Amino acid sequence: MKILFFASLREQLQTGEEHWADLQSCLTVVDVINTLMSRGDPWKTALANPQLIISVNQEVSKLDTQIDLEDEIAFFPPVTGG
Amino acid sequence: MKSHFSLQLQGVNLSTKPSPQCAIISIQEQDFSLDSAYQQLRGVFPEKTGAICTFTGLVRDYGDKEGVTGLYLEHYPGMTENSLQKIVHQAAQNWQFDGVHIIHRVGRLMLSEQIVFVGVSSSHRADAFSACEFIMDYLKTDAPFWKKEIRESGSEWVEAKKSDQARRKKWLND
């Protein structure tokens, strides 16, 4: 599974991307967040931001969206283009 | 970030409506020519098109704070293009138009440089005006781009604006 982080979140976490070879018992998006947050800071603080947007396979998703090993999950702040 | 790239989606059928439509969506680092984009729209259906409405966004010297000297623009490759296509689809449900041309720049931009272009060609000006404004308003709130303002004192990511969300919501009430 591919996990992407963009913009301010990417800078906070000091990484833009990571790959998981297995799902680490995660069934949904919220499980992935909890697994990442269990690493402590900066993950815990950065991912606790309620404004963060989550996408699964490039579609905006919810916390209870189910995930698969082939999925691409992304976390990012509210968009500011244009 | 990739150094130079440009995605062009040409001749995409945007709707099941009988009106033929063509969309070009380009995410690129390099600057763009307003005239080239305009001429492309003129040429989509030269005998049918009666109106072209265009919008261009530029880098200005203030944003969240004053003293901006430039911007850095990041995007989510793939999702950005998909979300812009969806926005064009949504516009096509509401207005009749022939061609759409969207260009959004990414990477480092200096003061007064062009950031974004949205152009719509249609038989009628009302559809061209509305579709262009709708696409731009939705681009601001739905397409995954992020701006970082660069000032002499440092740089900061731009916060999303409630006013942009309000402009988007306006379309739901119309």
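## Basis of the description

A residue is called buried if 20 or more other C-beta atoms lie within 10 Å of its own, exposed if 12 or fewer do, and partly exposed in between, with C-beta atoms placed from the backbone. Helices (H or I, at least four residues) and strands (E, at least two) are DSSP runs numbered from the N terminus. The model is predicted: local features need pLDDT of at least 70, side-chain atom pairs count only at pLDDT 80 or more, and totals for chains, interfaces and linings use all residues. Residues are numbered from 1 along each chain as its sequence is written, while chains are lettered from A and ligands numbered from 1 in the order in which they are written.

## Strand β4 of chain B

In β4(B), 7 of the 7 residues are buried, so this strand is largely enclosed by the rest of the structure. In a regular strand the side chains alternate between the two faces of the sheet. In β4(B), G99(B), H101(B), I103(B) and R105(B) point one way, whereas V100(B), I102(B) and H104(B) point the other way.

Strand pairing requires that DSSP find at least two bridges between the strands. β4(B) pairs with β1(B) in the parallel sense over 7 bridges, and S26(B) stands opposite I103(B) in this arrangement. β4(B) also pairs with β6(B) (residues 114–122), in the antiparallel sense over 6 bridges; here H101(B) stands opposite G119(B).

## Helices of chain B

Helix α1(B) (residues 34–42) contains A37(B), which is buried, with 21 other C-beta atoms within 10 Å. Contact means that the C-beta atoms of two residues, placed from the backbone, lie within 7 Å. Leaving aside residues up to four places away in sequence, A37(B) touches F32(B), H101(B), I103(B), F117(B) and G119(B). The C-alpha atoms of A37(B) and H75(B) are separated by 22 Å, and the two residues are 38 apart along the chain.

Helix α2(B) (residues 79–94) has 16 residues and reaches 23 Å from its first C-alpha to its last, close to the 22 Å expected; the expected span is 1.5 Å times one less than the number of residues. The buried residues of α2(B) are M79(B), T80(B), E81(B), S83(B), L84(B), I87(B), V88(B) and A91(B). Their cover includes β3 (53–56) of chain A, together with β1 (22–28), β3 (68–75), β4 (99–105), α3 and β7 (145–151) of chain B. H89(B), also found in helix α2(B), is partly exposed, with 14 other C-beta atoms within 10 Å. Helix α4(B) (residues 162–173) has end C-alpha atoms 17 Å apart, in agreement with the 16 Å that its 12 residues should span at 1.5 Å a residue. α4(B) is hardly covered, with a count of 0 buried residues among its 12.

## Fold of chain A

Chain A has 3 helices and 5 strands, and its elements run β-α-β-α-α-β-β-β from the N terminus on. The radius of gyration of chain A is 12 Å, close to the 12 Å given by the globule rule for 82 residues, so the chain is as compact as a globular protein of that length. This radius is taken over C-alpha atoms, and the rule is 2.2 Å times the number of residues to the power 0.38. The C-alpha trace of chain A spans about 35 × 30 × 20 Å along its principal axes, and 27% of the 82 residues count as buried.

An open sheet of 5 strands in chain A has the order β2-β1-β5-β3-β4, with mixed pairing. β2(A) (17–19) and β4(A) (59–60) stand at the edges with a single partner strand each, so one side of each lacks a neighbour in the sheet. β1(A) (residues 2–5) and β5(A) (residues 72–76) pair in the parallel sense over 4 bridges, and I3(A) stands opposite I73(A) in β5(A).

## Interface and nonpolar core

Between the chains, 13 residues of chain A are in contact with 21 residues of chain B. On chain A, the elements giving two or more residues to this side are α1 (7–13) and β5. By class, this side of chain A has 7 nonpolar, 6 polar and no charged residues; Ala, Val, Leu, Ile, Met, Phe, Trp, Tyr, Cys and Pro count as nonpolar, Asp, Glu, Lys and Arg as charged, and the others, Gly among them, as polar.

A nonpolar core is a set of buried Ala, Val, Leu, Ile, Met, Phe, Trp, Tyr and Cys residues joined through C-beta atoms within 7 Å. The largest such core has 58 residues, and those with the most contacts inside it are F6(A), I102(B), A131(B) and I135(B). Helix α3(B) (residues 125–142) supplies the largest share of this core, 7 residues. Residues up to four places away in sequence aside, F6(A) touches A74(A), F76(A), E74(B), Y76(B) and W146(B).
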